[in-house]
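Take a look at the chain shown here.

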Amino acid sequence: GCESGVVTSLEYIAQGWSGILPDELSLLTGLKTLKLDQNTISDGAVPASFSFPSLTTLSLIGTGLGSAFPTQLATISTLTELDISIHNIESTIPTSMGLLTALTSLRMN
């Protein structure tokens, strides 16, 4: 969706997309919702540049994240909802996730 010409929502769900998360996504500074569920992040990584000043909802369900918890997500301080379900994350939740003081919903399995 858009508000006043600014992209605020990007929902690209189960579209058969496969690739890396491009650094250019972070140029969408007005983004509040990002859902890329059931597509494949080919390298299983969230780039270090993955930062959004307005993002409140992030959903990466079944996208092929690796076995380590993506610590870059702890830098998105505006997150209220984070869903990284359907992954084989084997690491512990990093203490840096405690910085997400606005987070009210975390889904993972």
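This is a predicted model: local features need pLDDT of at least 70, side-chain atom pairs count only at pLDDT 80 or more; totals for chains, interfaces and linings use all residues.

Start with the fold. The chain has 9 strands and 0 helices. Follow the sequence and you read β-β-β-β-β-β-β-β-β.

Now consider the overall dimensions. The C-alpha atoms fill a box of roughly 40 × 35 × 20 Å along the principal axes. The radius of gyration is 13 Å, and a compact globule with 109 residues would have one near 13 Å, so the two agree. Of the 109 residues, 39% count as buried. The chain exposes about 5,600 Å², and carbon and sulfur atoms supply 54% of that area. Next, look at contacts between residues at least 6 apart in sequence: 49% of them join residues at least 24 apart.

Go inside. The largest nonpolar core has 23 residues. Phe50 and Leu58 have the most contacts within that core. Find Phe50 and look around it. Leaving out residues up to four places away in sequence, Phe50 touches several leucines, including Leu21, Leu25 and Leu34. Its other partners include Ser26, Gln72 and Thr75.

Finally, find His87. It sits in the loop between β8 (81-84) and β9 (105-108). Is His87 buried or exposed? Its relative accessibility is 6%, and buried means under 20%, so His87 counts as buried. What does its side chain reach? Another is the backbone oxygen of Ser85, at 3.5 Å. Beyond four places in sequence, His87 touches Leu60, Ile61, Gly62, Thr63, Gly64, Leu65 and Asn109.

Notes: Residues are numbered from 1 along each chain as its sequence is written. Side-chain values use heavy atoms; hydrogens and water are left out. Helices (H or I, at least four residues) and strands (E, at least two) are DSSP runs, numbered from the N terminus. Buried means under 20% relative accessible area, exposed over 50%, partly exposed in between (1.4 Å probe, protein chains only). A polar contact is a pair of N or O atoms within 3.5 Å; within protein, one must be able to donate a hydrogen and the other to accept it, and residues adjacent in sequence count only if both atoms are side-chain atoms. Contact means heavy atoms within 4.5 Å. A nonpolar core is a set of buried Ala, Val, Leu, Ile, Met, Phe, Trp, Tyr and Cys residues joined through side-chain atoms within 4.5 Å. The radius of gyration is taken over C-alpha atoms; the globule rule is 2.2 Å times the number of residues to the power 0.38. Accessible areas come from the Shrake-Rupley method with a 1.4 Å probe; for residues, only the protein chains shown count as cover.
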